[in-house]
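Let's walk through this one together, feature by feature. Have the viewer open and ask as we go.

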Amino acid sequence: MAIEVKVRSPQLRLLLAGLSFFVAVALVPLVAALVVIAASQGMGEATRQVFFNIAKWARIFVYALTAAILLVLAYGPLSRLRLWLIGKREDRWDRPWERARFFLLYGIGQGRMPNDLYAGLMHLLIFWGWTFLFIGTVMLAFHDDFVEYLEGHVYLGYSLALDLAGVAATVGILMALYRRYLWKHPKMRLGSLWDDVALLWLMLAILLTGFVIEGMRVGMTELQGATIDVHGGIASDPNWAPWSPIGFLIGKAALESGASQGFMELLHKSLWWLHLAMATGWVAWVGYGKISHILLGSANIFLRKLSPTGAALAGTALPPIADFETAERFGAGYLRDFTWKQLMDVDVCVRCGRCEAHCPAYNTGKELTPMGFLQDIKRYLTEAGPRLLAARRKGEEVKEERAIAGDVVSFNTIWDCVTCGACEYQCPLFIEHIPKLMDMRRYLVMEQASMPETAQATLMQLEQRGHPWRGTQLTRTTWIEELAREGVEVPMFDGSQEYLYWVGCTGALQERNVRVTKAIVRLLLQAGVSFGVLGAEETCSGDPARRLGNEYLFQMQAQQNIETFKAKGVKKVIANCPHCFNTIRHEYPQLDGRFEVVHHTQLFAQLVAEGRLEPRTINELWGFPVTYHDPCYLARHNNIMGEPRQLLAAMDLETVEMERHRGHTFCCGAGGGHMWVEESKGQRINHVRTAEAAGTGARVIAVACPFCLQMFEEGVGSVPEAARKGMQVLDVAELLERSVAYSRAAATR
Amino acid sequence: MALHIICCVKQVPDPETPASQFRVDEAAKKVIPAPGIAPVPSQFDTIGVEAALRIRDALGDVKISVVSMGPDSFRDAIKHCLAMGADDGYLINDPALHEADHWVTAQVLAAAIQKLAPFDLVITGRQAVDWDMGVVGPTLAELLGIPCVTIAKDVKVQDGKVVVERVLLDGFETVEAPLPAVVTVSNELGEPRYPQLRQIMMAARKQVTVWTAADLGLNPAQLQNRVNVEALYIPETKVETEFIEGDTVEEKVDRLLQRLREAKLI
């Protein structure tokens, strides 16, 4: 069967996003050029008779029908809106201009569609084709009832443009039918008979009947040079016909096959009414089923979460619980604990399957499927929502309400998430999956104390010892003492330095990661960066507690760090853990802790660019390609993808990319607290990713995150294809340190 | 009538303190607390609270009191148990008792338990994870004059009796005892539960009742330790390597065997 084409290159994706506009924009010059040619042939009178072959009263009927249909259409979203209001308040109206820009880029521009080339192209063809046909219909009504402007070359161009739009839409629909019936694409796993299947066939029928109606009209009028009822009766011209190319072909075929005038009239008339019924039916449907994404999806893009700190995804900075004392419930257990926007998200999902196709949990056989859990909540909202609303209106107790967390959405689904953000990054409608899952975790942890044993042990560990590494034999100052024995003095932060180097628990308490910490410190010292460390005064940044659902513990830990930072006069922070980096950058400001944070790869890229560090090719590694694994919290959540690659390029290392890289990276399996939580079932995520890295032919996996380092270290020992090759896992800083040391040694020789 | 369970808890230096940080003052015969490492509730004791909570989950009408003896920092251990779901906390904080051994501890706890009477069940950990002596529970039972069942993996209260599954080396046995009784629990019972946030917040607001020895009608001067610590030190592990020399392999093997026999290893 067909091969799925995925677009990884950001440049190409941008180009394809541009294609969206191009499909539309290309039509205009093409048609205009042809109109110029037509002008030279003198077809100034060309036009068409609206409501040809149709009873006079049909005009009024169509208007009345349109009005009725619009009412039916409007009822759909309004009835859903009532259901969303079961949820809590949430403000999504800030920064309207930024929202409008977003809407242009991702709504009308369909910016995320080309991530999946086939489906994206298919959608663009249908979208632009249908949009032109819709605009064309409105234009025709305006022409017919207000100002007659569709005449001469304008009319011919108009007719050609709409025929081409019809062809585009038909090709798109056929691509969709092929994908559904012959390709049987797994993304359409959750298809529904009416919403998905019937809709496609209906749209195809609307397009085909439209072409046949046009063909009959062209056959009966233009091709025969018949008089049409315009301006009191003018003669039509066969030269006009090719400007409606599809109609021309169908009309000509009908005439040549000897179809009688009566048959053509009858076919035209009956299909016209059928077409009208189907088209208005389709418009009504826009208020209800999957196709309502035209309205609701657009609104959802407009209403997406905007971050004050430039967080890339909704799941990048989780919303805080403002007041624990007055909170009615911690997290989201029942429908009413979600916000209206969260319930709206659930409703706009069209089951396109893009999230699922990229979800590390789903793709390693776990229970979690992002679109699946949305659909489960949607089903329950539809089924129980009206009942809950009625009870609330009457002020009655709601009976037999099912919990969402743990019942409608299973325990494992909630705990399988690694918060990598792949789902949110792919979703064309900007549905915010992670905050919903995290709100449910909060409910399970803080209200129910219901969590996997390993998560409980981790939270207890964090609470009692301020770090997640149970059983470590190191302290936060062990590495400092070790460096001192080597004669390297690690400066302690006292407010006089420019940067605080935030080592993080893993960097201090795990033997393997201590090597990275030492490399970073040596590089910082060599480059003459003014920095200091906190030593024993560091505590967990709070990321694991927050992502394991204990918001209370997170706030305590974050608060403590913010106080330490403020007391010591910290302004700028260097972090080598993307999770700490992310939390300090995007989540501390929620608690009034505003600090400038750089990731070590960013700082080192800058130092190399400034010539303060001079890397050279590393001989011992030369000849073995390196593959760089993008950490989710660096690439996807923070858009930092270039700097680590710049560093590898500066070292002149041969690099190969994994299929899933940059924003499309595949999690190592350790995000969202899963560094310490056992996976529920299926393959281990880090093994899948390690196998992918091994498949590139690389001998070194370069990482920029302490958890990724741990996960790959385990992976290269357990995945046969990696173990056979003796793959090494090194932090970019470790590679850089060797490279710089080599460079210095060469200089002194 | 409500069942009253009394759990005895102790706070200990974190057993997961890295070995490099563990130090003792050999002259004073005391453990020096590792800097920056907070003490934790003794794990077996929180398992005891878990056992009590499970009885309450099963029976409903159960009151759980937590008793501890130690300095003010022990309050944290009591608060943790309250957050888990215990009802009341009592701390016997008397500077005169800070050097107490198991014998004095058991006498003080017994007095506190009697002050909290009526009670039906006393649950302690099988041992505290600092000194690992495992004697306070049985001593308490002796002083209170009630039965004692040790090293439990399951505790149930049925028909006025306590039914206990005891861990043995090769399995377990089921033992019944009349109430009131003392039961000491082991880790086979299962993980202590994770406190719900609301309970943590409630526990933070709850008052822990503080008593001195005098409040219990005891005179510290009359409470004499029976355990005398002779010496306290971290054992040194020495590795000595000796190469067995010889001209032939047979000779080397003979000498090796001779050395092993001398060392009584074979």
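**Reading the model**

A: Start with B:Pro118, which sits in the loop between helix H3 (102-115) and E8 of chain B; helices (H or I, at least four residues) and strands (E, at least two) are DSSP runs, numbered from the N terminus. Before going on, keep in mind that this is a predicted model, where local features need pLDDT of at least 70, side-chain atom pairs count only at pLDDT 80 or more, and totals for chains, interfaces and linings use all residues. Residues are numbered from 1 along each chain as its sequence is written, chains are lettered from A and ligands numbered from 1 in the order in which they are written, and side-chain values use heavy atoms, with hydrogens and water left out.

Q: Is the peptide bond that joins B:Ala117 and B:Pro118 cis or trans?

A: The general idea is that most peptide bonds are trans. Here, B:Ala117 and B:Pro118 are joined by a cis bond, with omega about 5°. Chain B also has a cis bond from B:Leu179 to B:Pro180, omega near -5°. You'll find B:Pro180 in the loop between strand E11 (171-178) and strand E12 (181-185) of chain B.

Q: What about backbone phi: is it positive or negative at A:Phe51?

A: Most residues other than glycine have a negative phi. A:Phe51 isn't a glycine, yet its phi is positive, about 60°. Look for A:Phe51 in the loop between helix H1 (10-40) and helix H2 (58-84) of chain A.

Q: How is chain A divided into domains?

A: Domain bounds come from an automatic or database domain assignment. For chain A that gives domain 1 (10-299), domain 2 (317-450) and domain 3 (458-748).

Q: How far apart do the C-alpha centres of domain 2 and domain 3 of chain A lie, and how many residues does the contact take from each?

A: The C-alpha centres of domain 2 of chain A and domain 3 of chain A are 31 Å apart. Contact means heavy atoms within 4.5 Å, and here it takes 32 residues from domain 2 of chain A and 31 residues from domain 3 of chain A.

Q: And how do I read the area they bury?

A: Buried area is the accessible area (1.4 Å probe) that two parts lose on being put together, summed over both. Domain 2 of chain A and domain 3 of chain A bury about 2,600 Å² between them, 61% of it on carbon and sulfur atoms. On the domain 2 side, A:Thr364, A:Val418 and A:Tyr425 supply 20% of the area buried against domain 3 of chain A, more than any other three residues.

Q: Which charged and polar pairs cross that interface?

A: A salt bridge needs a side-chain nitrogen of Lys or Arg within 4 Å of a carboxyl oxygen of Asp or Glu. The rule finds two across the interface of domain 2 of chain A and domain 3 of chain A. A:Lys366 forms a salt bridge with A:Glu679, with the closest N and O atoms 2.8 Å apart. A polar contact is a pair of N or O atoms within 3.5 Å; within protein, one must be able to donate a hydrogen and the other to accept it, and residues adjacent in sequence count only if both atoms are side-chain atoms. Between these two domains of chain A, 21 residue pairs are in polar contact (both at pLDDT 80 or more).

Q: How does chain B meet chain A?

A: Their contact takes 19 residues from chain B and 27 residues from chain A. Chain B and chain A bury about 2,000 Å² between them, 51% of it on carbon and sulfur atoms. There are four salt bridges between chain B and chain A. A:Arg470 forms a salt bridge with B:Glu16, the closest N and O atoms being 2.7 Å apart.

Q: What does B:Gln127 do with its side chain?

A: The side chain of B:Gln127 makes a polar contact with that of B:Arg126 (3.3 Å), and another of 3.1 Å with that of B:Asp132. B:Gln127 lies in the loop between strand E8 (121-125) and helix H4 (136-144) of chain B.

Q: Last one: how many aromatic pairs are there over all chains?

A: Rings of Phe, Tyr and Trp (its six-membered ring) pair if their centres lie within 6.5 Å; planes under 30 degrees apart count as stacked, over 60 as edge-to-face and the rest as tilted. The structure holds 27 such pairs over all chains. The A:Tyr106 and A:Phe430 rings have centres 4.9 Å apart and planes at 70°, so this pair is edge-to-face.
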